[in-house]
Each structure stands twice: as structure tokens, then as C-alpha cells.
Amino acid sequence: MADFPTTARVVIIGGGAVGASCLYHLAKAGWSDSVLLEKNELTAGSTWHAAGNVPTFSTSWSVMNMQRYSTELYARLGDEVDYPMNYHQTGSIRLGHSRERMQEFERARGMGRYQGMDLEILATDEIKARYPFIETHDLQGALYDPNDGDIDPAQLTQALAKGARDMGATILRFCPATGVSRENGEWIVHTDKGDIRCEYVVNAAGYYAQRVGEWFKPFGGRTVPMMVMSHQYLLTDEIPELEAWSREAGHKLPLLRDVDSSYYLRQEKYGLNLGPYERHGRAHWVDPSDPMPDDFSFQLYPDDLDRIEWYVEDAMARVPLLGTGGVNKVINGPIPYAPDGLPLIGPMPGVPNAFEACVFTFGIAQGGGAGKVLAEWVTEGATEWDMWACDPRRYTDYTDTEYCIAKGLEVYGHEYAMHFPWHEWPAGRDRKLSPVHDRIKDLGGVMGAYNGWERANWFAKPGDDTSEEATQTWNRAGPWEPRIAEECAAVRDACGVLDLPGFTRLWIEGAGADDWLRGFVTGGLPKVGRINLVYVADARGRVLTEFSCIRLAPDSFVLITAATAQWHDGELVRNALPGGLSLRETTAERDALLLAGPTSRAVLGPLTDADLSLPWLSHQHCTVAGQKAFLIRVSFTGELGWEIHAENAAIPAIYDALLAAGAKPFGMYALNSLRIEKGYRAWKGDLSTDYSMLEAGLERFVKFDKPQDFPGKAALRAEQQRGPSKRFVTLIVEAGEADAPYMSTLWHDGQIVGETTSGAWGYRVGASVALAMVRADLAQPGTTLEVEIYGTRHRATVQPDGSLWDPSNERLRA
């Protein structure tokens, strides 16, 4: 091929809607020296058989942002690139059968309104007015989205491709990538037609993403966490009654979703398209008897209608008109699923200059936003919106094939499920266990999964309802509530102990470690024998992460971070670490016990040779219950306390000794309540790249006067001079039955002025507490706001800066 490009800045592998959108947005960002490789024709994978629905609805802030952007892009794209497209913004109606579902709709409406979308709640008579063929007798109401609709996936992909080509990007069809190699810091992408040398590679290979991901293993990669489901939808013959209505109305019916029954129903010309997500779905290409073919382009699975019979009958009862049209066609094709149903978009874990934009279950709806996000990652190293919900590094080493299949089946079967705050999904559990896991369970631990690690959320007593059904509520009340109250009281009045496996521990040593670390973090470092918090900002001054920094010697440090941040923060440090410094990680080899409460010194004293008079924010090596341990005097609870870190083998003896000495076990729900009363931030809730260090109220952790030019210094200095537009505040909320969830909308004088970042009942202060970001002029103590909690606005009062509980930290320092 005379015109075969042997070099490029970026090579994208995969020519579906997402890959084409990535190419389009890279070209739009000025990176037109980009090449897309497609093994067959564009759209040959999941895109060609996709139904093409384009919803904005999501209860994930970042996914809603992506989907909202897609609808905005698709509305103008045809004109922008001069390519005609069938894009119907028909609106959609999501049916609610229960009060809990209507609360979820209210929450989504609040989030959508914040993003500028005009979502509406419909009463049953309003549903009928917009959709005359529906039975509404058993419904509570519905959510209406005027921007929802459908698009022709092939036309969308071709329009994005045309736009990219017009800006100078290259698309090579019938040119499969066959592998990658690395040379002199550059990628070489191999194809049957020649090699392409490039700076960056993007895996946008859809349901082939795992196979492509294997090529990157020699360069630090891992198996892509995904599986493939078969999804069926039916197309009916044309229905005369529907044709007559459409011609008279001049438009199509709104897209209907019965989310409690689990299907969508959409007008397709003058027939209907029914797509169920059945509870017991079918995974494909998961065992040797059903191998993934080398090329499944433009192919489908055989029909399997028995699986969806109940859903068809339920839909015909809801919309009897459906039953009058015979089945014209059945589409049964592969759709990739990540373990939580959200895509993988962002840096490829462990691999330099490689990115993922794959495993999109709703690639048409999210494709526009995905291209924007991917282009920002590649060209700027950061995204406009915090995208942790979709970041590939959110998964670590526990996502083996068995786990991915179990979770994929679960997510597919609960595609429209409500994600209640107290509910834990049962599939794929017990991947990583602490050394005292069985002991925790025997004590009544009701477990949750944190980056695969099992931790107790709360401790049940005999007779408590620990069923999954009990957790189907947004409200505070439930069998867990009196137990959380008891656990918080134990930490407040006596002594509690929490087993906390999974802390990420990064040990940095070597000559110059001090100087390097000062240029890496925004603030100062502790003295030898001490610990403090340090933060890393991006170039915009936004919060990338928070570490507990322990100084063992002048040039020896341990950085401790959240379990879920393991790959994110590990990569952050590794990528910045200069030669000559060593880094080792001891995350899985050690466990931590949190001991907290006013009597914790009396409990611990007889068991240890440590000096328990050492001050707050100190650390020491010692023995506890005859076992070697590392004691840190810190407490995320806001009470007198220590973290006890030790090798896994030592933990059972220490834990049993603490219990025998009177410590009461407490769980993650109690810890969350306790930390919110202290105003302590949680990573990727209160601390994220949506906020700058100054907005987050972390000025005291920024040292502008140090000589090192840390990332974000210039941006933060500029922001300091003009003043932040938002401010972090603590709110006391006159809440009803539920506390404020993440991203609850804040109102003042009829205007949206901010959002909550977390909320919980504070059992020590006896009030509902929320941490929030609010317009800077409203951050004054005593200011009255309103917090929208599941559709109802509740009075909230801005509190003085600092902690609600023990603001002078006397209890911590005791």
C-alpha cells in the first residue's frame, strides 16, 4: 500500500462507534496524525447490531455527563460533518412501580437539572397522555426525559468517521492489528499490511478488548476485566394502529422503559422494538466448548426466545398493542460487560502511553462522551469531569475470569436495578480475605467488598434481618441502624476496633527521597518519627490523591492510601519516581486494625511495650500481644486511637487480645458516620479532580513558599489570587428519613448553588451531616441552603469551618 501510514501520533484499535468517536475527538483537539485500525468494515462488532438507544439517565455523575454530552453532540453532528443521520429525540418514559423507584427518579432529576437537563416526573394520567397505548393502573409514576431517543448506530459511526477524515485523520478498514511491540519509548502496532510506529495506543476493540489487552502483558499489562453477554431484542411487523397514531401526531412514541420489569420498548418505523434484560442471561465465549471466533464481524447468535418469554408477556400486558404485531426479526448479538456494567475508559493499568476505551455496554449512548474523555486523557493527561467511575484502574488483581462472568451475569440481570446505599451485590464475593475474616463473620460481621477486600459494614446481633430484601431502601432506618448507633457509642464512650484489610502501602527509599517527595506533593513532609497528610494535585491544581505520609528516616517514607486507590496511586508514584529511588509495595502482606475511643489506651497498654504517651501523629515499632507491630497514633474516627499495622500472621493474636481486653468491633458504616462528623474527606467522593485543593478547603496542605515547583503550583497561586469559585463546607441538614447521598443538589433562592459530596447521620452530634461544595459567597457559617434529597428539599445550615465533633481535637490529643 503506497499510502499506508508507517508513523502516527495515536493508533486506535477498533472501528465501532467508540473508536470512531475517539478518532473524531482527537482530530478535533488538533491531533489529526491519528490512525484507526478496523479488522473488517466500520461497525462490524457490537455497533452494527446495537439497538441505538441514546438515554441521558444515570445515577453515576460521570456517566450522566458522558451521556448528556452524547445527546448534545449527536443533535448537531450531522450538520457539522455534512452527513445525514437518523437521530430521533422522541423523549423517554421510565415507569416506576414503587415509592423507592420514584425516589431514584427524583434523585436523577436533581442531578440532571444540575447538568442543565429538563427531566420531569410524570403522574399516571400524564403518562397516558404521552403514551396512549399503555396500561397504568399499577404504576406510581414515571420519569420523562425529553432528550432521550434513538440513533442509527451505523450512520453515527460513519458520521464520526467522516468528520475525523475531513480533519486529516486516517481510517484503515480491513486492516486488523495483530500485536504490539515497544522500542525506544514508542509503540509499534503490527498489522498484516505493515507496522505503524506511534506514541500512544488506544484499545477500543469492543468485545475483543480482552484479546487485544493480552498483547500489552509483556509491557506491564493485565487481563482486561470483562465478559460477553448475548442480548436479544425483537422487531415486530408494522402495526396499522401505531402508523395511524404516528401520522396524526407527527412524531414517534416516546421510548418506554419498564425498569422494574427490565425491558425497553421503542417505536421502530411503524412497528415496535422490545429489548429485555432477563434475570438469567447467557454468557458467551466463556469455556472451551464455546470459543471466541477470530472474527465475528456482522454475525449473530442463534435465537433463544425461551429465555425472554416472561418479558415479552409482561410487555404485552403493559402495552397490549405489542401483541397485535407479529415478530418480524430477532437480533441476538454480543455485548461486552465489565464487572460493574460501566465501561473502561482511561489509562491502561501498568502500561505506559496506552489507553482503554472499551467494554462499553451502552456504546452508542456513551460513545460521544467517551471520545471526548479519551481525547482529553491522551492530549491533556486529565479529563474535564472526574471519571473514576469508568477508570480502568478501579479494578485490581481480583478480577479473574470467574469473577468477571459472575458479575457480568449479575449486572445484566439487574441492568435497571436501584443501587441502594445499604445493599451489597452477592456475586463475586470473598475474593480477598483478612487474616481474621472468619472471626469477623462469627462476631456477626455483615460484609462489604472494597477493592475486592471483605470488610464488615456493620455487626448484626442474633435475630437481626441480614437479608438482601431488608436493604432495598434509600432510608436510614433498617436493621443496621441501631447497630451503627451502638458501634459509634462504643467508640465515643469506650473502645472500638475495626479490621481494615487492603490499605495500599508504598515504601519509598533512597538518597534524595525527601527532595523528590517535596516536589511531588503540594505541602510539607513530616519529621522522622511523625506522620502527616500529603496531597498530590494535577497541573490544574485539582486533587489527584491523598496519602498518609510516614517518615521512618531522613530518606525513607511510607505512603499509605485507600484500598480502592491501589493501582491509581501506585501508578501515580511509579510514573513520577526518579531513578535512584526504590519503591516497594506491601499491600497484601500486612493488615491494619483501627483501635479508637477514650479507653483505647487502657485497652492497649497491658498488651504492648509501646510508649503510649507519644503524641498524636507519631509512630513506633513495638510488640502487641507478643507480636511485632507498627503503631501509628492517628484516628479517622476523631477519638483517641491508634492504627496497628502488622504482618498477616500476627493479626489474629492481636485482634483476639484486643477483644478480650474489652474492645468492641465496629464496621465501615460506623466509621463513615464518625469521619463525616470530623469533616474528614473520603477519596473520590469529597476528594476528586472535580475540585481544586483550595475549593476542597485544603489550603493548609499547600506550601507556596517551598522552592520545589510541585504540580499545580502555578494554577493554585492564580486561583488563590482570584479566589475559588466554590468552597468546601459542612452542613447540618434537617433531613427526613434519608441522609444526603453523593451529588445531592444544593439550592439557594431558587438557584442551584452546589452539591453534596457525602452525607450520613452523625450519631455523636445527633444530626444529619453532609459535606458539600457550595458557591463561595454562600460558604459563610449560618447561611441557610436547601439540600434536595430524593426529590424533597430540606433545610441545611452551613457550619463553622472545622469539625462538628470535638473541633479543638482535644479527644484526639488526650
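Trainee: How much space lies in the largest cavity?
Mentor: This is a predicted model, in which local features need pLDDT of at least 70 and side-chain atom pairs count only at pLDDT 80 or more, while totals for chains, interfaces and linings use all residues. Residues are numbered from 1 along each chain as its sequence is written, and side-chain values use heavy atoms, with hydrogens and water left out. A cavity is a set of points on a 1 Å grid over the protein atoms alone where a 1.4 Å probe fits but cannot get out, and a volume is the space filled by probe spheres set on points joined across faces, edges and corners. A search of the whole structure finds five cavities of 30 Å³ or more, and the space in the largest cavity is about 50 Å³.

Trainee: Which element supplies the largest share of the lining of the largest cavity?
Mentor: Lining residues have an atom within 4 Å of a point, and here they include E106, R107, G110 and M111, as well as E788 and I789. Helices (H or I, at least four residues) and strands (E, at least two) are DSSP runs numbered from the N terminus, and α4 (99–114) and β37 (784–789) each supply at least two residues of this lining. The largest share, four residues, comes from α4.

Trainee: What is the volume of the second largest pocket?
Mentor: A pocket is an open set of points with protein on both sides within 12 Å along at least five of seven lines. The lining of the second largest pocket has 22 nonpolar, 11 polar and 11 charged residues, where Ala, Val, Leu, Ile, Met, Phe, Trp, Tyr, Cys and Pro count as nonpolar, Asp, Glu, Lys and Arg as charged, and the others, Gly among them, as polar. Nine lining residues, the largest share, come from α15, and the volume of the pocket is about 1000 Å³.

Trainee: Which residues lie closest to the centre of the second largest pocket?
Mentor: Its lining draws at least two residues from each of β19 (354–358), α10 (363–380), β24 (531–537) and α15 (566–576). Of the 44 lining residues, the closest to the centre are P347, R393, E571, L572 and N575.

Trainee: At what angle do the axes of α3 and α10 cross?
Mentor: Axes are lines fitted to C-alpha atoms, for helices over the stretch in contact, with angles from 0 to 180 degrees between N-to-C directions. The axes of α3 (residues 61–81) and α10 come within 7 Å and cross at roughly 100°.

Trainee: Why is α3 described as roughly perpendicular to α10?
Mentor: Angles of 65 to 115 degrees count as roughly perpendicular, under 35 as roughly parallel, over 145 as roughly antiparallel and the rest as oblique. The crossing of these axes therefore makes α3 roughly perpendicular to α10, and the angle concerned is roughly 100°.
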